[in-house]
Amino acid sequence: EEVVAEKPGLKKYVDDTFGGCDELRMTVLCDFFRHGFDGSGADNFFDAGSCIDGRLTSAWNWCSLIHKKPYYPIFQMTGFASFDGQF
């Protein structure tokens, strides 16, 4: 929200496209919790591994596909580089 508040053009884009920062936040979180733990990312459910392995595979898969999400431009415009753990 702080980054968006400092940039009027970005704020307008977020408001017009997503209905504001709160709606954008919920969109990203809902998408992650819907797909980040669904067992996706392996060729089949047997290759996904145990429950924990399967969920980690799903989270990795979601992260690797984020560039296809409609909200990805926001990540780019706010300085997101990767999920490498460096903050």
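**Note on a predicted model**

1. Alanine 42 is partly exposed, with a relative accessible area of 25% (buried is under 20%, exposed over 50%, partly exposed in between, with a 1.4 Å probe and protein chains only). Alanine 42 sits in the loop between α3 and α4 (51-64); helices are DSSP runs of H or I with at least four residues, numbered from the N terminus. From alanine 42 to asparagine 61 the C-alpha distance is 8.6 Å, across 19 residues of sequence.

2. The model is predicted: local features need pLDDT of at least 70 and side-chain atom pairs pLDDT 80 or more, while totals for chains, interfaces and linings use all residues. Residues are numbered from 1 along each chain as its sequence is written, and side-chain values use heavy atoms, without hydrogens and water.

3. The largest nonpolar core has 15 residues, and Val14, Leu24 and Tyr71 touch the most other members. Such a core is a set of buried Ala, Val, Leu, Ile, Met, Phe, Trp, Tyr and Cys residues joined through side-chain atoms within 4.5 Å. At least two residues of this core come from each of α2 (8-18), α3, α4 and α5, and α3 gives the most, with four.

4. Leaving aside neighbours within four places in sequence, tyrosine 71 has contacts that include Phe18, Leu24, Trp62 and Ile66 (contact means heavy atoms within 4.5 Å).
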